[in-house]
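Colleague: I am new to this structure and would like to know what lies behind the labels used for it. Please take me through some of them.

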Amino acid sequence: MSELRNSPLHAEHEKLGATFTAFGPWNMPLKYANELDEHRAVREAAGLFDLSHMGEIWVTGPDAAKFLSYALISNLETVKVGKAKYSMVAAEEGGIIDDLISYRFEEEKFLVVPNAGNTQAVWEAFQERAKDFDVQLKNESQDVAMIAVQGPKAAEILVPLVEDNKQDAVYELGYYAATMGKVARKFAIVARTGYTGEDGFELIVYNADAPELWNELLRAGEEYGLKPCGLAARDSLRLEAGMPLYGNELSRDITPVEAGMSRAFAKKEADFVGAETMRARAAEGPQQVITGLESSQRRAARSGAEVYVGDTHVGTVTSGQPSPTLGHPVALALLDTSAGLEPGAEVEVDIRGKRYPFTVTALPFYKRDK
């Protein structure tokens, strides 16, 4: 097994007493002190996350939008400059290689951000699929860091650190939008997307600038209750927000149709990789769907737990844990559509040989006040 890669912020995490864990090929902070406190900080104030494990691939050239519309399941040609789109890259047979976000900075310039463990697979897929397009691909994943500020106080913490002539633009930046400017005197890409169910920003900077920016944000957020947060809090936050995680809900074993992404290509006329398989699957309907489950009891369902209606096996839990915000267990599961389970339906989940009652529920479990 190859040695894990450290983030450009690794020394800062060590100073803060972080506990580390492997995440894909990276050695990343799991938590700093108490993951429940970190989770609550994001819901009530703000959290600071190191996302340097995410990939960054630039796609430029006259065919940039056309290429991405072929390489991904969505139509990227309609994305406006300054905006972003969530999509997926699929294999020819339809399995999901990765889910990712693409930002359009110019007519012929996109930044694609794949997940940590899938960056190489996406890079290889892009290189293979770019052969007939006038595009240039550049993988900067090893050269830049990503820091996220997430929570209701995120804008109050970040905006004062932005250069004066860009503060209004960042404060007014819409959801799934991005701009460029200086933050704490460092050049940064500033995006407003997020993976926690809260308002927030992602900052992409050069590796050498990351430690100073991280510490500036910690200082700026101290009066607001900002806490550094690890992967444990990030996972519980995204689960409450009903957001899928690659390797749990998403994999090469299911298509974007099962992931609820048929809408991404429903009106798309152009060809794209995996189109024939996915259009056929969409026409016949998914055999499984990602579904929310919750329980009024204390026992949480974990990934791999089997779901039943009576004696009939109807699916498998993909993610689950007690919800710190809601105070009861929640889970995501891949459930068979043939079972016809609508919100409110009762199921049982096998947890270590004993079945516990859960209720099918609409997603997300948690939704912030606007």
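Modeller: Let us start with Tyr176, which has a relative accessible area of 18%. Keep in mind that the model is predicted.

Colleague: Why is Tyr176 called buried?

Modeller: Buried means under 20% relative accessible area. Tyr176 has 18%, so Tyr176 is buried.

Colleague: Is Tyr175 buried or exposed?

Modeller: Tyr175 has 52% relative accessibility, and exposed means over 50%, so Tyr175 counts as exposed.

Colleague: What makes the pair of Tyr175 and Tyr176 edge-to-face?

Modeller: Their ring centres are 5.0 Å apart, within the 6.5 Å that a pair needs.

Colleague: Why is the pair of Phe265 and Phe272 called tilted?

Modeller: The planes of Phe265 and Phe272 are 40° apart. Under 30 degrees would be stacked and over 60 edge-to-face, so this pair is tilted. The distance is 5.7 Å centre to centre, and both Phe265 and Phe272 are buried.

Colleague: What makes Arg355 count as sitting over the ring of Tyr308?

Modeller: Arg355 lies over the face of Tyr308, at 3.9 Å from the ring centre. The cut-off is 6 Å, so the distance passes.

Methods. Residues numbered from 1 in each chain as written. Predicted model: local features only at pLDDT ≥ 70, side-chain atom pairs only at ≥ 80, totals over all residues. Heavy atoms only, no water. Phe/Tyr/Trp six-rings, centres within 6.5 Å; stacked < 30°, edge-to-face > 60°. Buried < 20%, exposed > 50% of the residue type's maximum accessible area, 1.4 Å probe, protein only. Lys NZ or Arg CZ within 6 Å of the ring centre and 35° of its normal.
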